[in-house]
Amino acid sequence: MKAVKIIAWIALIAFVVIQFFPVDYNQSETVPDTDFMLVNDVPSDIQNKLQVSCYDCHSNNTQYPWYSKVQPIAWFLEGHIKEGKAELNFNEWDSLSSRRKASKLRSIVKQIENGEMPLASYTLIHKEATFSEKEAQRVVKYMENLKDSL
Amino acid sequence: MSKLKLVLGIVAIAFVTLTAVSCKDAKTDKNNSTEHHSEMNADGDHSKMNHDNSDGHHDGEKKEMAMNGNGASQAVLNDYFNLKDALVADDNAKAKNLGAVLAKSLGSLDISKYTEEEKSELKEIIEDAVEHAEHISESDIAHQREHFKVLSKDMADMIAITGTSMTIYEQYCPMYDNNKGGAWLSMNEEIRNPYFGAKMLKCGKVQREIN
């Protein structure tokens, strides 16, 4: 019984200590001129959807809920966001060549169609980020048209 | 009481060894690498030297191959064809390796001899192709084939600029990608479908001959 208590104490101390480890928060006040929404004529409902479902990991600014600042959740998110931005950063959209834009749009369409994005671990907490069938169709259609217009 | 001591002891030892080991690892790594350097600088370790020599030789060979025919683009094409063959054989693991190889040869493609306009176009093609090759190096086979489709377009566009000394066949399977179709390049006229593999090995036709 005592042993359990000791371990619980150690776990608690470890938990408290890791709260003091620094995390790189993905936050930015400004939206660069190269942003997807600024260079493309995006209908407002699609803008909203992208903002809610994609921008947390695919832009320079994440809307952090309070619990995301608690370790080790913050570390977990940090890794995800870093990876997400490396793959696609909507804020830097216009710095891509047409060829790469086409590639990205193709991937966006495929990932939404196959339900691979947004990640299940993300929609688990952000219910509103889930794509309904209708929303998916609409966004996919928009992205496909955009690709054809490049 | 003794149980408590035991647990405390184990935790303490685990903690100390963990930190000690992780610190030590980093340190010995550093030491090792500096040692190797000094060994190589001095006339010591012969096997090391030989090894290095053979490595250098390899690089030389690669460069030589790249110099053949139409310059470095030939090395890229060879790696692309190897990757295509792995997809024809439904070999996910091999395609992963070859995707990484292709990403590397794309990265070392020499574009200095082209005009400014061609350079910027080639740069875009390479950037895009590297990304697809990297994805291929870490995906399941369905994803690999998706990326291979776009990669094939990049390769065709690259050849349009760099040219090629051999005859290349652009082949096309209308059924891939939910009947949207997919093209690929091959050195052989005979159809071996990289999008379906054994499932539909001979589905497709030659749609263009590139010389």
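Q: In this predicted model, at roughly what angle do the axes of helix α4 (residues 92–107) and helix α5 (residues 116–136) of chain B cross?
A: The axes of these two helices of chain B come within 7 Å of each other. Where they do so, they cross at roughly 160 degrees.

Q: How many of the residues in the contact of α4(B) with α5(B) are nonpolar?
A: On the side of α4(B), the residues that meet α5(B) include B:A95, B:L102 and B:L106, while B:I126, B:A129 and B:V130 are among their counterparts in α5(B). Besides 2 polar and 2 charged residues, this contact has a nonpolar group, which numbers 9.

Q: Which strands stand at the edges of the open sheet in chain B?
A: The sheet is formed by 3 strands in the order β2-β1-β3, with antiparallel pairing. An edge strand here has a single partner, so one side of it is left without a neighbour in the sheet, and this applies to β2 (182–186) and β3 (205–210) of chain B.

Q: Which residue in β2(B) is the bridge partner of B:Y169?
A: Strand β1 (residues 168–173) of chain B runs antiparallel to β2(B), and 5 bridges join the two. In β2(B), the residue that partners B:Y169 is B:S186.

Note on methods: Residues are numbered from 1 along each chain as its sequence is written. Chains are lettered from A and ligands numbered from 1 in the order in which they are written. This is a predicted model: local features need pLDDT of at least 70, side-chain atom pairs count only at pLDDT 80 or more; totals for chains, interfaces and linings use all residues. Axes are lines fitted to C-alpha atoms, for helices over the stretch in contact, and angles run from 0 to 180 degrees between N-to-C directions. Helices (H or I, at least four residues) and strands (E, at least two) are DSSP runs, numbered from the N terminus. Two residues are in contact if their C-beta atoms, placed from the backbone, lie within 7 Å. Ala, Val, Leu, Ile, Met, Phe, Trp, Tyr, Cys and Pro count as nonpolar, Asp, Glu, Lys and Arg as charged, and the others, Gly among them, as polar. Two strands pair if DSSP finds at least two bridges between them.
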